[in-house]
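Here is a short briefing on one chain.

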Amino acid sequence: MSRQIALVNVEGTNGVGKTRLSRQAAERLGARCVPLVELPDAPSTGLPGQVIAALHQDGDLFLRTGHPRTETLLLMGLQVHRFESLGPVAPGQVVLEDRGPHSVAVYQAAVLAETEEHSDEQALTTAWHILSTIESWRPQPTATVLLFDDPRRCLQRFEQRIGRTATASERSLMARADRLYRLLAHTQQGRYYVLDRQQVDEPHAVAFITDVCQRAAAAAAPKGAVPCPTGT
């Protein structure tokens, strides 16, 4: 798709606060923001929701059905479909995406690494292959925010959300994903906006994401374009 839009992804491991912070940033931005919820929250009536429901039929929260390569291809396709299904985005607006291509790349690389007994370095190479394939079919984001926190706090939030203790398999996958996100940030310094929640409180984290969105929207807007109103 050739159109140029401001697109900001918020990424990180489960329990780091992506959805909560993204929602608050979207509220601050008002009409300037076009929010995209993460794929598992997609309406069940649409294609993405139907595919996610099929992957989730065995009850695995990480959509593992025992066929990781097939799952990876399906989720990659949904990331492309998600972007292509966007409605009109006005000048001055920004699309704020909760879990974009990086989530598919990192988590599916982690799943494949567990299956094939790969190292983190091998998994990172897999993640780059997945990400580059997705980005050959949809544009790279204008900006990507990588969120980090104490893994123990992330696990605690995750368990509070699901209402039970995480299984050993879930804990292992989350730990691997956290390490891969950190490797991304370390090996690609300057590509990402990195935010460590151990160093900032929630209001400042929301302000950080909001500022990234505003900068992305301003950079993408044609010269002389009338900004979209902020709303209430």
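**A buried arginine**

Arg197 is buried, at a relative accessible area of 11%. The model is predicted.

**Setting of Arg197**

- Arg197 sits in a loop. Strand S5 (193-196) lies on one side of that loop and helix H8 (202-220) on the other.
- Beyond four places in sequence, the contacts of Arg197 include Val16, Gly17 and Leu21.
- Phe148, Asp149, Arg153, Arg157 and Glu202 are also among the residues that Arg197 contacts.
- Why does Arg197 count as buried? Its relative accessible area is 11%, and buried means under 20%.

**Cysteines**

- The structure has zero disulfides.
- Cys33 takes part in no disulfide. The nearest cysteine sulfur belongs to Cys213, 6.0 Å away.
- Cys33 is buried, with 9% relative accessible area.
- Cys154 is buried too, with a relative accessibility of 2%.

**Confidence**

- The chain has an average pLDDT of 88. A score of at least 70 is reached by 90% of the residues.
- Which element has the highest mean pLDDT? Strand S4 (residues 143-148) does, at 97.
- Helix H2 (residues 47-55) has the lowest mean among the elements, at 73.
- Over residues 226-232, pLDDT stays under 50. The model has 15 contacts beyond four places in sequence for this stretch.
- Where pLDDT is low, predicted coordinates should not be read in detail.

How values were computed
Residues numbered from 1 in each chain as written. Predicted model: local features only at pLDDT ≥ 70, side-chain atom pairs only at ≥ 80, totals over all residues. Heavy atoms only, no water. pLDDT = per-residue confidence, 0-100. Helix = DSSP H or I, 4+ residues; strand = E, 2+ residues; numbered from the N terminus. Contact = heavy atoms within 4.5 Å. Buried < 20%, exposed > 50% of the residue type's maximum accessible area, 1.4 Å probe, protein only. Disulfide = S-S within 2.5 Å.
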